[in-house]
Amino acid sequence: MSKYFGARAAVVDLDLKIPAGLCFAMLGPNGAGKTTGLRMIYGAARPSAGSVRVFGLDVARNPRAVRARLGVTLQENVLIEELSPVENLRVFGRYHRLPEKRLGARVEELIDWLDLRSHAEVPVAALSGGFQRRLAIALSLVNRPELLLLDEPTTGLDPAARQLLWARIRELRAAGTSIVLTTHYMEEAERLCDRVAILARGRCVCEGAPRELIAERLPREAVEVDCSAQDERRWFTAPGSPDRRIRTGERLIVYAERAAEVIERIRRSDGGELRPLVARPTNLEDVFLDATGTVLRESG
Amino acid sequence: MNLSLPYAWSVWRRNATLYLRTWQWNLLPNFFEPVLYLTAIGIGLGAYVSRMDGQTYIEFLAPALVCVAAMNGASFEVTYNMFVRLNMRRTYDAMLTTPLSPDDVLAGEMLWALTRVCLYGGGFFAVAALFGLAPLPRSLAAVPLIPLTGLLFAAIGIVFTLHIVNIDLYSFYFTLFVTPLFLFSGVFFPLEERLPAGWLWLAEALPLLHPVRLARAIFTGRLGWIAVWDLAYMALVTPLLLGWALRKARRRLIA
Ligand SMILES: Nc1ncnc2c1ncn2[C@@H]1O[C@H](COP(=O)(O)OP(=O)(O)O)[C@@H](O)[C@H]1O
Ligand SMILES: [Mg+2]
């Protein structure tokens, strides 16, 4: 599918098959087209070209049937600030036409499950950001969706709140709910999701299981070091030097199967000076840097 | 048309739930306004006005103010309140993550606006009746004019709301549209006596003129053929505007 707003392309030729029962991430920076992509999945935006099938149904033709079976947490919380979490959940449950009795039971269940009990009867305006985010997620679960769409579920949350949400998302997935989330946290996609599509400027640059994406594209380890271009040239002119390097300003990232070899090469060339550097496993962030074309490849 | 009344009803219930939480702040101002006009202008100014068509001035004013109450009730709900739900609180974005269609959302909003219209218009009618300004049972026939007027002005307001992107534009809506209608639709003086004959046909375009003329005719029991034209105007213009609002809402809500 593609989506244009006038001349501006928000999503271009996005072609994804998202398997049921998995946690799938759309990973990309701001403006990559993640929200627009999600909106097309649940039918709140009409693709300029292409089509979307959810549960085997064409969303444009059967929006009601599709949306009855999925839940969406929007990027910005949409809550009724004057009302309490319980009342918000009741209002939302009515959009799904849940029978009042079943709705009441479901509301209680969600209040407990997302740790909202202590503030269940307080106007939402008085709740902290973490509470509000959990309530927004609770709203999208009120109809027991088979598919849950989460638009940047943890952006702006503190680490503890983020950990709690991750745990809940894992539980949902374990219980069989399919999940599609968007994020610009590489770590979130890597630790939480079975498959990742990396988006940049509206296009999908690569898609697959995080481990495989990393293994396919880059050596296993990375060394990060602050240095000048001169230093870089000095270190890596000899034959057999690692040729996968990315520079962003002063920061240089060097990829190699064994980080120790890179460090040794730098130390030797520096003549014993102990320059601060970081060795770590290659991650999705590196894949993103590589895939969006900012990686420096020198012919060895 | 992709409308389901039970879903529209859930939109109505959302607004009603919120309204019940804050009704003290909402209900009183809108309700007092026409009552204030009635007392200040009807009793105050009315003392200096000779009888009109065998009526006191306040009797002349009362049926028209029933329609004004309906117009105001509708206008406030579908302007600022609806703008906030559409553009600021993103209420409709959240609704469209559920099985609700844009048609359901619009219908629910319309039903809700009508509810408020009936509260204000009906409330004002009751006050007028209490003061003996609505001759019973004759004037009861004017009660349906409350939702009809409300529907017409809700449709106009919704079309406006769906087209603007800046909330400040409502000051134009009220000062250049609603207030002039209030002042020049035959509420305070018989238009046909003050306006040159060449201009009278133009006044027929004013939407508030028709319910006002109907209400007054019903209150005085002097219903004439012109009532057919007044009803026809409302029966024609309202659906046209509703259709426009519906097409626009579909395009606004599903971008
Ligand atoms: N309703 C809209 N009108 C015009 N441009 C839009 C609209 N929605 C999104 N865009 C543009 O489309 C691009 C992708 O936006 P979005 O999907 O929100 O990205 P993300 O969620 O990844 O940050 C951005 O350049 C954005 O400005
Ligand atoms: Mg976004």
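A polar contact here is a pair of N or O atoms within 3.5 Å; within protein, one must be able to donate a hydrogen and the other to accept it, and residues adjacent in sequence count only if both atoms are side-chain atoms. Please keep in mind that this is a predicted model, where local features need pLDDT of at least 70, side-chain atom pairs count only at pLDDT 80 or more, and totals for chains, interfaces and linings use all residues. Residues are numbered from 1 along each chain as its sequence is written, chains are lettered from A and ligands numbered from 1 in the order in which they are written, and side-chain values use heavy atoms, with hydrogens and water left out.

Let's start with the contacts of ligand 1. One of its oxygen atoms is 3.2 Å from a polar backbone atom of A:Ala32. For A:Lys34, a polar backbone atom lies 2.8 Å from an oxygen of the ligand. On its own, ligand 1 has 560 Å² of accessible area (Shrake-Rupley method, 1.4 Å probe), and the protein covers 64% of that.

Now look at the shell, meaning residues with a heavy atom within 4 Å of the ligand. Among its members are A:Phe5, A:Arg8, A:Pro29 and A:Asn30. Helix 1 of chain A (a DSSP run of H or I, at least four residues) gives the largest share, three residues.

Finally, zoom out to the whole chain. Chain A is divided into domain 1 (3–209) and domain 2 (219–281), with bounds from an automatic or database domain assignment. Taken over C-alpha atoms, the centres of these two domains of chain A are 40 Å apart.

Note on methods: Helices (H or I, at least four residues) and strands (E, at least two) are DSSP runs, numbered from the N terminus.
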